[in-house]
Amino acid sequence: MFSLEGITTSVQDWLFMKFNPTMALAMECIIVILLSISLFALLGLVLVLMERKVAAHIQIRLGPNRVGPGGMFQTVADTLKLIMKEGLVPDMADKFLFNLAPFVVMMVGMLLLAPIAFAKNFQIWDINIGVLYISAVSSLSVIGILMAGWASNNKYSLLGAMRSGAQIVSYELSAGFAVLTIVVLTGSLQLSEIVKAQENGWWIFKGHIPALIAFVLYIIAVTAETNRAPFDLAEAESELTAGFHTEYSGMRFALFFLAEYINIFIVCAIGATLFFGGWMPLHIGHWEAFNHIMDYIPSSVWFMGKTFFLIFLIMWFRWTFPRLRVDQLLNLEWKYLLPISLFNLLLVAVIAILGWHF
Amino acid sequence: MYNQTEIIKDTSELGADGELVINMGPQHPATHGVLHLVVTLNGETIKKIEPHLGFIHRSIEKMCESLTYRQFIYVTSRMDYLSSHINNLGCALLVEKGMQIEVPDRAKYIRVILSELTRIASHELWLGAMAMDLGAFTPFFYAFREREMITDIMEDTCGARLTMNYIVPGGLMYDLHPDFQKKVKAFITQFKSKVTEYEDLVTNNIIFQSRTKGVGILSAEDAISYGCTGPVARASGVSCDIRKIYPYEVYDKVEFEEVIETAGDSFARYIVRVKEMNQSIRIIEQLIDNIPEGDFVAKTKNVLKLPKGEFYSRVETARGEFGVYVVSEGGTTPHRIKFRSPGFSNLSVLNHIAAGGMIGDLMASMGTLDLVIPDIDR
Amino acid sequence: MFLKEYISDVVNGVSSLLKGMRKTGYYFTHPKEIITEQYPDNRATLLLSERFKGEVVMPHDANNEHTCTGCTACELACPNGTIKVVTKFEVSPEGKKKKAIDTLVYRLELCTMCNLCIVACPSDAIKMVPNFEHSVFDRTKLTKVLNQPGSKIREGIE
């Protein structure tokens, strides 16, 4: 049976056999860096194409179908174009911050990759405060956006960045509370522990209605956090032309664009881990035979399947709903999502204490 | 070339008290053309909007003065290109009125059917574009699918999809296409089955409702004093449908309701247009099977000469009252011509209804005013 | 009471959103609803109305004869000087002078396809054809001479 765990173990064994431990660790670091960068590039290409195809099919169109079979290489062609394009820096812009901003946004994506469990025992860093780490790091991306908006010396960019700041700071809360419900149920902040706790069923099934509510809250909050429609106020096309990245072009723009999709992947991966059991196959109570069959599907396939399902859900939102207004956006958070998530957390705490979950 | 220190000194662009002046347009995704809005902001709140016009001014009125009464009609298609057919009709009506040409019944019926089809096509485009202004991209494609059927009908019968020039003084340029009735009926069936889609996607959507309800309120008094017509005024409770007040062609023979809402906000303007599409379908249904046989054009002289005097005719386009005013000296060309375009008056209320709102409200207000910039600039 | 309103608000809002998602989901799962026409590929099957106004041409018959008398009605009818008729006098065998066209210049780049010239023509010498692929690299190629070289007027057309 195909397993990523086997590959990593054999690579590690070989490295420790050939080199001294420090050297082997350094080599492993380099391998991890290369792998994560290539994963980034690959995900960017795949997700942009997926978005365009999903959008096209929802909008009764065909979508890209000229470059390569079924338009598979469309995003590669787009990337080549963006690399070759001149990256303009506007006059009077703060050049240092302007150039730094896309990298800050990218860096956040990279950092968030660390604690995610891609498959069984296939994780870069199984940190024991994984969930906390994710909450803390993911809110850093707003700094990059604010930087971009401020440094561009453009009024549209500034407005977009300010909107984004207000938005991410508020929606962090309900995303955090939604994550906390699962932490309360599991009793651990470690992502591998959370996955293990779902061995006999995913939290979305085991956690009764509160887990379902938490999932809905989580999806809404992370859609807002990643600046996706219907919460794409930071780049509201019809209002602010392109919001915080109005002045960006060429590869700097591509980094923002890539970061958006990487962020979607990461929040969906975390959502899949928390609510759908990460790499854990679908197990139903005592159906031993069924569980056994499900185990035959590799854990990485389970993980990717769940993540891409959530990504599809977020894309589905984008191509269905109109955009909210900025005050309605904050109303939604403070008047609806936050009270509901607080109440939901209380409910979950009661359930967890009384042991009502499966 | 200027150096950087000079730019810093030039603070005239910056408003007082932390006001932010941004130029929306002439190249902006939400202005649907080359409208230039100078928006004074205080944070997200709009303090003042100043529309700057003239980016697509082609001096159509002056051009028309050098064209004969047969020729000047085609130019009017280029003003409000979404209701070009109705514009043509307004001009043809003026010439017919001035020369007392009796138009055959068949031509009258066909003109009305085509006008209503044009109205539906225009409203469909507006619906898609407005949803797009509010951030929903998908309804645009669904609306265009139905609009495409109308443009196909136009292409079959009139020979063009947008600037038809099918109406000539005295009737029509040529007779209907044999498939016309069949295709129109197919369109009506398709339209009726798809109307619920807009309700699900747009009308009943909670986000759409909260974006438009209570936004950009225009009172009936203001609508009258700014000279608003069409769906914009009718959404404020002003009865101003030219088809009802001064019926032309066969509008006095068909049954339809003048859609009037009283709220005066963006949502009311939206509802008025959606209901108007249904009324247009109702008019077409009454006429499509009853097109009388006969000539499609009246016998007219080769050279048309309007008698000396002043003439005015008006029609109800998809955007409101379109008026043509001609001063004739008795020659083959108009001495002076003036078009009263609905878009210009409707645009003038923008500052009134959007100031005090947010940037997002401006998009909702502007979207529901249904501006066509070439109609405003002419 | 307040709580009841609050909950019904949330439920109504979410259900309206779900309705919209059902609609878009329907189209996502039904690829046969796609209406895209892949234009250059479907050239062979492209349906274009025979009335589509694409270009003015002058039909010639097998003997390279047209029916244009050179009356300049089309030139007069044209609102923007698209058509220019250059006439000459042909001397018939009997020694009679007869007006005929030398060239009928048609400037496609100016034409607005208003169809007024076709309507004005008394002898149906010109007509509109549904040909829309006009793009060229040199705009002088858009200025066309409609009568073919060596063509002459058909017998019996006055």
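Phe311(B) stands opposite Val326(B) in strand 7 of chain B, and that pair is a handy way into this predicted model. Residues are counted from 1 along each chain as written, while chains get letters from A and ligands numbers from 1 in the order written. Since this is a prediction, local features need pLDDT of at least 70 and side-chain atom pairs count only at pLDDT 80 or more, whereas totals for chains, interfaces and linings use all residues.

**Sheets in chain B**

Strand 6 of chain B and strand 7 (residues 321–328) of chain B are antiparallel partners, joined by eight bridges. Strands here are DSSP E runs of at least two residues, helices are H or I runs of at least four, and both are numbered from the N terminus. Pairing requires at least two DSSP bridges between the two strands.

The two strands belong to an open, antiparallel sheet of three strands in the order 6-7-8 (chain B). Strand 6 (309–316) and strand 8 (336–340) of chain B are the edges; each has a single partner strand, so one side of each has no neighbour in the sheet. From one strand to the next, the twist averages 10°. Helix 4 (residues 84–99) of chain B packs on this sheet, touching strand 6 and strand 7 of chain B, and its direction makes about 145° with that of strand 6 of chain B. Such angles run from 0 to 180 degrees between N-to-C directions, with axes fitted as lines to C-alpha atoms, for helices over the stretch in contact. Contact between two residues is called when their C-beta atoms, placed from the backbone, lie within 7 Å.

Chain B also has a hairpin. Its strand 2 (residues 36–42) and strand 3 (residues 45–52) pair antiparallel over seven bridges, with Leu41(B) facing Ile46(B) as its bridge partner in strand 3 of chain B. Two residues sit between the strands, and Gly43(B) takes a positive phi near 70°.

**The chain C sheet**

In chain C, three strands make an open antiparallel sheet in the order 3-4-6. Strand 3 (83–91) and strand 6 (143–145) of chain C are its edge strands, each pairing on one side only. Ignoring direction, neighbouring strands are turned by 25° against each other on average.

Nine bridges hold strand 3 of chain C and strand 4 of chain C together, and Lys88(C) has Ala100(C) of strand 4 as its bridge partner. These two strands form a hairpin with five residues between them, where Gly95(C) in the turn has a positive phi of about 90°. On to the other pairing: strand 4 (residues 97–107) of chain C meets strand 6 of chain C over three antiparallel bridges, with Arg107(C) opposite Thr143(C).

As for domains, the bounds come from an automatic or database assignment. Chain C is split into domain 1 (2–35) and domain 2 (55–153), and the C-alpha centres of the two lie 59 Å apart.

| Helix pair (chain A) | Axis angle | Axis distance |
|---|---|---|
| Helix 6 (residues 141–151) and helix 7 (residues 155–186) | about 160° | 7 Å |
| Helix 10 (residues 208–225) and helix 12 (residues 250–275) | roughly 170° | within 11 Å |

Residues of helix 10 of chain A, including Phe215(A) and Tyr218(A), meet Val267(A), Gly271(A) and Phe275(A) of helix 12 of chain A. By class, that contact has seven nonpolar, one polar and one charged residues. The classes work like this: Ala, Val, Leu, Ile, Met, Phe, Trp, Tyr, Cys and Pro are nonpolar, Asp, Glu, Lys and Arg are charged, and the others, Gly among them, are polar.

**Between the chains**

Chain A puts 24 residues in contact with 28 residues of chain B. Helix 7, helix 11 (237–240) and helix 15 (326–354) of chain A each supply at least two residues of the chain A side, which divides into twelve nonpolar, five polar and seven charged residues.

The contact between chain B and chain C takes 19 residues from chain B and 21 residues from chain C. On the chain B side, helix 6 (138–158) and helix 7 (180–203) are the elements giving two or more residues.
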